[in-house]
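Hi,

Here is the structure I promised to pass on to you. Have a look at it first, and then read on for my notes.

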Amino acid sequence: MQRRQALQKIAALGAATATTASFAAPAVITQPAVQWRLASSFPKSLDTIYGAGEMLSKRVAQLTDGKFQIRVFAGGELVPGLQVLDSVSNGTVECGHTAGYYYVGKSKAFAFDTCLPFGLTARQQNAWYSQAGGQQLLGELFKQYNIVNFAGGNTGAQMGGWFRKPINSLKDLQGLKMRIPGIGGEIMSRLGAIPQTIAGADIYPALERGAIDASEWVGPYDDEKLGLYKVAKHYYFPGWWEAGPQLSFYVNQSAWAKLPKAWQSAFEVATMEANQMMLAAYDARNPQALIRLMNQHGVVLHRYPDDVMQAGQKAAFALYDELAAADPMFRKIYASWKPFRRLVQGWTNLAETSLENFMYKNAK
């Protein structure tokens with residue numbers, strides 16, 4: 001519904017632009033010129049995840065005949081990568097592109113804006129967020145921080161990280177220093193690891209100098225670009241803490257209120273396109289990158305041991321129950337998310353996963 005309404009507004013804006021001079025002046029000409037800055041959490045080298053911000057900028061300019069310009073800055077250029085939410089909240093920049101779970105130190109409920117371990121896949125997250133009330137529920141949280149929130153991409157199911165040494169059982173996690181943010185990091189802590197929150201651009205040097213023993217990032221395409229295979233050869237799957245992590249665009253509430261309605265519609269449409277295109281790009285590029293990592297770079301692929309997976313899931317839902325009991329906002333969002341998860345996973349397993357498994361095992 002939101003997408004259809006936004007597209008109708010853009011269509012109306014375009015129709016006004018095409019009106020001849022004998023009629024009212026085109027809407028796009030009468031609107032004021034607007035220049036914003038977008039702070040990204042991500043380095044330019046990661047063209048797919050950083051590229052969502054660039055796509056937003058390009059499409060907003062196209063939809064407004066160049067009158068609404070957004071300049072994109074990589075992580076660290078204006079503000080540190082993990083301070084994007086603060087910079088948008090206080091008006092240092094008008095908008096940002098980041099991951100909500102970077103900010104669970106402020107409220108654990110921010111995790112729902114990205115993902116929870118053993119949670120929703122990319123399609124399921126998109127369905128909950130856009131069709132089952134997720135965006136509105138999270139909007140109540142973001143309003144407290146002077147922010148308007150929009151989905152801004154998804155990587156799809158991620159890999160389980162790079163390790164210097166193999167993980168043969170749960171005991172191998174004891175004392176292991178691992179870069180893993182958000183609630184996933186808290187669960188790893190309960191399994192015995194020592195989680196670290198490090199921005200993407202800083203992962204390689206941290207692994208190289210031994211400040212951490214392992215790190216998760218995204219998946220084969222981005223991980224190859226970061227060169228993580230050079231300092232850790234053991235590559236694990238699945239990334240059970242990130243089944244479908246959503247990235248987000250955050251807009252300063254005051255800046256948003258000042259935008260003409262037509263420019264708001266242009267921004268909304270551009271976020272939807274960026275959200276869709278990021279996932280498509282990862283799905284297209286990850287398989288080829290994984291083959292290169294294994295065949296050209298000597299990476300060894302491992303599945304997480306069953307005891308790690310089972311202990312992780314048990315710890316995850318014990319933690320969610322604790323958080324729901326202690327935090328009213330987490331409880332309110334969890335009450336929507338949890339039953340939706342169970343329902344949509346049943347449908348996905350019935351209609352899609354069963355077919356995919358058959359086709360893969362009986363490939364022609």
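Among contacts in the protein chain with a separation of 6 or more, 78% are between residues 24 or more positions apart. Please keep in mind that this is a predicted model.

The overall picture comes next. The protein chain has 13 helices and 11 strands. Its radius of gyration is 21 Å, close to the 21 Å that the globule rule gives for 364 residues, so the chain is as compact as a globular protein of that length. Along its principal axes, the C-alpha trace spans about 75 × 50 × 45 Å. Of the 364 residues, 54% count as buried. The accessible surface of the chain is about 16,300 Å², and carbon and sulfur atoms hold 54% of that surface. As for charge, there are 36 positive and 28 negative charges in the chain, and their mean positions lie 2 Å apart.

After α7 comes G192, which has a positive phi, near 110°.

Next, find N286 in helix α11, which runs over residues 261-296. Is N286 buried or exposed? With a relative accessibility of 14%, N286 counts as buried, because the cut-off for that class is under 20%. Leaving aside residues up to four places away in sequence, N286 touches T155, G219, P220 and Y221. With Y221 there is a polar pairing to look at: a polar atom of the N286 side chain lies 3.0 Å from the backbone nitrogen of Y221.

For a contrast in setting, go to Q136, which is located in helix α6 (residues 134-143). Q136 has a relative accessibility of 42% and therefore counts as partly exposed. How far is the C-alpha atom of Q136 from that of Y360? The two C-alpha atoms are separated by 38 Å, and the residues are 224 apart along the chain.

I hope this helps you find your way around. Do write back with any questions.

Best wishes

Definitions and conventions: Residues numbered from 1 in each chain as written. Predicted model: local features only at pLDDT ≥ 70, side-chain atom pairs only at ≥ 80, totals over all residues. Heavy atoms only, no water. Helix = DSSP H or I, 4+ residues; strand = E, 2+ residues; numbered from the N terminus. Buried < 20%, exposed > 50% of the residue type's maximum accessible area, 1.4 Å probe, protein only. Polar contact = N/O pair within 3.5 Å; in protein donor to acceptor, adjacent residues only side chain to side chain. Contact = heavy atoms within 4.5 Å. Rg over C-alpha atoms; globule rule 2.2 N^0.38 Å. Areas by Shrake-Rupley, 256 points an atom, 1.4 Å probe, with all protein chains shown as cover. Lys, Arg positive; Asp, Glu negative; His and termini not counted. Charge placed at Lys NZ, Arg CZ, Asp CG, Glu CD.
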